[in-house]
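Biologist: I have the model open beside me. May we go through it together, one topic at a time?
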Number of protein chains: 2
Amino acid sequence: MMTVSRVLRGAPDVSDATRERVFAIVDRVGYVPNQAAQSLVSRRSRIVAAVVPSIGNAMFAETLHGMSDVLRAEGYFLVVAHSGYSPREEHAVVKALLGQRPCGVFLHNTVHRAETVALLRKQRIPVVETGDLAARPIDSVVSYSNFRAGRAMTEHLIGRGYRRIAFASALRRNNDRVHERRRGYHAALKSAGLRRDPAMEFEGDPDPVVGARLLHAIVDGSPDVDAIFFASERLAIGGYFEAQRMGLAVPGRVAIAGFDFYEATSQVLPAAITTIVTPRHEIGVVTARLLVDRLRDGSDAPIRRDLGFELAERGST
Amino acid sequence: MMTVSRVLRGAPDVSDATRERVFAIVDRVGYVPNQAAQSLVSRRSRIVAAVVPSIGNAMFAETLHGMSDVLRAEGYFLVVAHSGYSPREEHAVVKALLGQRPCGVFLHNTVHRAETVALLRKQRIPVVETGDLAARPIDSVVSYSNFRAGRAMTEHLIGRGYRRIAFASALRRNNDRVHERRRGYHAALKSAGLRRDPAMEFEGDPDPVVGARLLHAIVDGSPDVDAIFFASERLAIGGYFEAQRMGLAVPGRVAIAGFDFYEATSQVLPAAITTIVTPRHEIGVVTARLLVDRLRDGSDAPIRRDLGFELAERGST
DNA sequence: CTGAAAGCGCTTACAG
DNA sequence: CTGAAAGCGCTTACAG
């Protein structure tokens, strides 16, 4: 039994002849070691737990994809769960996942309940957060800055000569990402000497239908609006087509900017939508590498990685 | 120790006073039972393994989302991995996942290597496949019929008076879903007395840029084409905008039909794209329920569920 | 280079 | 209603 264990773990001190016999038999009988027993006795699992707000959301799915690419190659497993954007559910999910004794935890969210933070800290395992470059992460953080991205887009619009810039986003409650984008929008307005106007700020479910409704409401309510920064791509796409339906030229009558890469936005006609491209896949890859490296080294120094973003200037602004 | 075990599993035969003491202490110290030990001794894990072609693809992510909704509520965990559309990698991934001794396996694919089928059958655990209503599944199958969907869309086009209908899809190799859609296309042509024309069939990476290129090639190469059935939504969206760029009226000059729900296709102007809406989320929910029910009953009767599809008729046809 | 002993953290099955 | 014994399938640490 010990010899099989050694061979499968690639330990030295096994004769070539024995090694080959073991491999042959393992192959023939289709033996796959029981990971539960392995992790019980070795006191380390190969399970990484990931909690995202929604598994079905392509943005988060892309990051999970990146993680999976690396973890699979390194012999780790990815257990996923979603919180439905609720800190309360996040806590319940994290607690349940800890029953698997994961060797690392990934949270696509940086706003947690105090008890969730305490629970995770107590585990003494690496925890990586993303979603925003949080000022005070639980442990490590791999992200881009929503504040800087929101500011960059607003500066872009100002640079193009727009002065009455509306801001429309997903619901801000419990959503640090959106909150930070809005802070960036405010910061850019301020440095340009433009006044913030609460009547130019909107939020709603991030759905194209809502985006359409918001665009309509904004243009009707503030006829002097000359640009709309949709800090959510699904709102942007809905707003874009609503502008077409209303016969408003984009960007002639109103410029439209989005946030995040949503494939269709680069395709739409007559003008593709200017947006912020975030490194979704890379965040997953870097997170997984960081976890794997730390488990190998046994290091526990928190890591902070800003992977940046790109402002894709297109015809809509 | 036994008493704590009983209380946490909700076993009877514990006095109320003891039960309360146990809960109080468990809460205070934040005790979460080690699932590895549980599954080792009880010989049943609470892990469901899911393999999809690509985690980042929104279609598959939506099904995983549905599974996660149910599994989480029932106390199960979802371990996900992707095969990159490769049967060889699928085999490696399935084998690795079996090390977790999952209580059930989900495969978003119905074309496997013989050794993968054999390996899974040997485990004596429920296996659910989806992607297509496979004729000979490993065990259970929860899906819709790509053949019927492909036929229904082609019949729709014929019913609208189109006669020279091109078919463009993702690469067919190792992709039963696309293969079946094409069979449905052929069946509909045949019942309508229309001739199949190999020069009207195309495949390529399912990317909007490829869709644009294909539309261009089809219209140039077969000037008499009057409809294009893109059996992949990302191709459809690319083709749709390319038609606009080329100044071709849709559907006046050429009708365009898609496959699968891709949010933007319901938004585009001037005409939304006719498509097949598949029950992605429901497939996940039904799959998870089926797994949970079977584990509870101990039944091992294979189940076959056809969840159907909807043909969403829109302006583009 | 190979193997026997001990034990990871639980639950099953049995005794009281 | 409560608890002691045995053991799940492995690896660690030690002996030869």
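Biologist: Which residue forms a salt bridge with E201(B), and how far apart are the closest N and O atoms?

Modeller: E201(B) pairs with R182(B), and the closest N and O atoms are 2.6 Å apart. A salt bridge here is a side-chain nitrogen of Lys or Arg within 4 Å of a carboxyl oxygen of Asp or Glu. Please note that this is a predicted model, in which local features need pLDDT of at least 70, side-chain atom pairs count only at pLDDT 80 or more, and totals for chains, interfaces and linings use all residues. Side-chain values use heavy atoms, without hydrogens and water, residues are numbered from 1 along each chain as its sequence is written, and chains are lettered from A and ligands numbered from 1 in the order in which they are written.

Biologist: Where do E201(B) and R182(B) lie?

Modeller: E201(B) is in strand 7 (residues 201-203) of chain B and R182(B) in helix 8 (residues 176-191) of chain B, so the pair ties together parts that are 19 residues apart in sequence. Helices (H or I, at least four residues) and strands (E, at least two) are DSSP runs, numbered from the N terminus.

Biologist: Is E201(B) buried or exposed?

Modeller: E201(B) is buried, at 14% relative accessibility, and R182(B) is buried at 17%. Buried means under 20% relative accessible area, exposed over 50%, and partly exposed in between (1.4 Å probe, protein chains only).

Biologist: And what about R148(B) and D306(B)?

Modeller: Their side chains meet in a salt bridge of 2.4 Å, N to O. R148(B) belongs to helix 7 (residues 146-159) of chain B and D306(B) to strand 11 (residues 304-306) of chain B, so this pair ties together parts that are 158 residues apart in sequence. R148(B) is partly exposed at 36%, as is D306(B) at 35%.

Biologist: Changing topic: how many residues surround DNA strand D?

Modeller: There are 24, and the closest include S5(A) and R6(B). A residue is near the strand if one of its heavy atoms lies within 4 Å of it.

Biologist: Which element gives the largest share of that surface?

Modeller: Helix 3 of chain A does, with five residues.

Biologist: How far is a polar side-chain atom of Y31(A) from a phosphate oxygen of DNA strand D?

Modeller: The distance is 2.9 Å.

Notes: A polar contact is a pair of N or O atoms within 3.5 Å; within protein, one must be able to donate a hydrogen and the other to accept it, and residues adjacent in sequence count only if both atoms are side-chain atoms.
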